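Trainee: Could you take me through a close look at one part of this model, the salt bridges, and then follow them to where the chains meet? I would enjoy one connected account.

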There are 2 protein chains.
Amino acid sequence: MLVASIYLRKNACSRELLTVFGTVALDTTRTPFRTETRILGGAATFASISSSLFARTSIVGVVGSDMPADQINAIRSKGIDMRGIVTVPGGKTFHYDSTFDYDLSNRITNKTELGVVAGFDPVIPDEYAMSDYVYLANNDPKQNIKILQHFQKPKLVVCDTIEFWISGSREDVVRMIKMADGVVINDNEARLLCKEVNLAKCAKNIMSWGSKFAIIKKGEHGAILFTNENQVFPAAAFFLDEIVDPTGAGDSFAGGFLGQIACKNKFDFATMKEAVIYGNVMGSFAVEDFGVKRLLAITKVDVEERYKRYRNLVQF
Amino acid sequence: MLVASIYLRKNACSRELLTVFGTVALDTTRTPFRTETRILGGAATFASISSSLFARTSIVGVVGSDMPADQINAIRSKGIDMRGIVTVPGGKTFHYDSTFDYDLSNRITNKTELGVVAGFDPVIPDEYAMSDYVYLANNDPKQNIKILQHFQKPKLVVCDTIEFWISGSREDVVRMIKMADGVVINDNEARLLCKEVNLAKCAKNIMSWGSKFAIIKKGEHGAILFTNENQVFPAAAFFLDEIVDPTGAGDSFAGGFLGQIACKNKFDFATMKEAVIYGNVMGSFAVEDFGVKRLLAITKVDVEERYKRYRNLVQF
């Protein structure tokens, strides 16, 4: 009985709400082995499905009437609060068409059709306003800044960004980072943003704008967490023999990371390190199949199993 | 008393001999910040200095009469058995001239002057014949194969190779790997050798030629150990804020790895994992200054301290 109650206590999750804002998209993904056309994708989709395994999650985004209902239902099936999804009648859902080269590490963008995302004026349902945790997934930094005003007193705001916004709206990206508590960003995008090659210097640079921590994602090489208290945590990626589609790995990482933090309802260094590993675990699931297919199929038991396997894997 | 004796036993090193064969060179290394001309370098130099902190080490190599005596004495100062160093009167020492780009991750070869290394017919002093551990550092695979015949019954032979030999003498490289027990190789060189991008597949491919394990070095991203029993160990690199000269990091890794194995005189999976971490630690020291400068300056106490720091760093 004692063991059971300790187990329950240890695995108990807070009921804090995590709200994810970003693109809900249709992706056309071409690998040398297969092409999948207009499948469910988008940064907020991956992040929210991932975080839903850890914490109470709600999503904000916009889609067109071309988004199939069963795709929206797939997200809903994970218990995610969908009241923040706006459907624009007659509008076109954000569509991202890309091709991976034969080692699945380089991606060429064929087409980015913003559709209803362009000019979207994000509002959030009243029920989301008290969210303690907010994840601003890759999206127009202006929209990300705007939506922040709707949250009353979030404990932790984390954002991501990509080359598209860094190249086109760098000042807005910096402004967004100044308003966030933490940044999760790819290595090359950190380099582009900071005009600096050394990743430690990039992280320091980002944190000098006011963010308390920066996580640099390095794809198959894992991630490094830096804090403004000079703490560092490099984590190797979970090792996979084979990957199918790298799309969404970073967003799934962010969802797992912030989901675990929302679950624990704290973000001391030890919790953040654990959360980075959960992030790695979620990224490793995401790439095992096209789109969100694998993320939709797994349960928390699978996640905990892989977390344990990861721990064994890197132990020495 | 009990504690002390356990401590001693735990830290005791075997007296097994590790012989390192490979280039002893003069390097001209150009970084955007500084150029160092004709400084002590070479795969065998880095590997043997590194391994000397762990195990009784001897070295085999060839130099010309242009190799300054103080450089040879610097290697000797680490207690390395130098009887295997042949000096060719009037000959030119192997000279490698290269330039690193501004992020110190890409290197351009300006000049490779083989000098006395070309056509070297390696022999070993009789005292080396009973070596239990042999490291064939990057070198002409034909010479590496040839020297193997001089060892009576080594317990473990590990080899490395680089693009130069893979491109020019691939069949000899494969033949060398077939004769070795383990391979330590850079990621891109593994890809080139195996004509395959996925590193797990590269490792399997290499092991299919008969080697029992393969370690893929990934520079700043650490290393992955694969065994022919399907074991995998991914290890993040020790985290450094700044690097000065990446030359020799991989050779220092190999020296630390095999040195630790020779010290323990066993190579089960647990020992190999520990040895990979020591390899990472030695690589991290090597890059902190030009050439072998930093490696020459450190003691085993520094190594153990950094090993502990590494353990703390990656713990979660």
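Predicted model: local features only at pLDDT ≥ 70, side-chain atom pairs only at ≥ 80, totals over all residues.

Mentor: Let's start with A:Lys142 and A:Asp172, which form a salt bridge whose closest N and O atoms are 2.9 Å apart. This pair ties together distant parts of the chain: A:Lys142 sits in helix H4 (residues 141–148) of chain A and A:Asp172 in helix H6 (residues 170–179) of chain A, 30 residues apart.

Another bridge in chain A joins A:Arg83 to A:Glu127, with 3.3 Å between the closest N and O atoms. Here, too, distant parts of the chain are linked, 44 residues apart: A:Arg83 belongs to strand E5 (residues 81–88) of chain A, and A:Glu127 lies in the loop between strand E7 (107–113) and strand E8 (133–136) of chain A. A:Glu127 counts as partly exposed, at 45% relative accessibility.

For A:Arg34, the partner is A:Glu36, and the closest N and O atoms of this salt bridge are 2.8 Å apart. A:Arg34 is partly exposed, its relative accessible area being 38%. Over all chains, the count comes to 35 salt bridges.

Now to the place where the chains meet. Between chain B and chain A there are 6 salt bridges; one of these joins the side chains of A:Asp241 and B:Lys204, at 3.4 Å from N to O. Polar contacts between chain B and chain A involve 11 residue pairs, with both residues at pLDDT 80 or more. On the side of chain B that touches chain A, at least two residues each come from helix H7 (199–208), strand E12 (223–227), strand E13 (232–235), helix H9 (269–286) and helix H11 (300–314) of chain B. The largest share of that side, 6 residues, is supplied by H11(B). Sorted by class, the side of chain B that touches chain A holds 17 nonpolar, 4 polar and 10 charged residues.

As for the overall extent of this meeting, 31 residues of chain B are in contact with 31 residues of chain A. Together the two chains bury about 2700 Å², and 62% of that is on carbon and sulfur atoms.

Note on methods
Residues numbered from 1 in each chain as written. Chains lettered and ligands numbered in written order. Heavy atoms only, no water. Contact = heavy atoms within 4.5 Å. Buried area = accessible area lost by both parts, 1.4 Å probe. Salt bridge = Lys/Arg side-chain N within 4 Å of Asp/Glu carboxyl O. Polar contact = N/O pair within 3.5 Å; in protein donor to acceptor, adjacent residues only side chain to side chain. Helix = DSSP H or I, 4+ residues; strand = E, 2+ residues; numbered from the N terminus. Nonpolar A, V, L, I, M, F, W, Y, C, P; charged D, E, K, R; others polar. Buried < 20%, exposed > 50% of the residue type's maximum accessible area, 1.4 Å probe, protein only.
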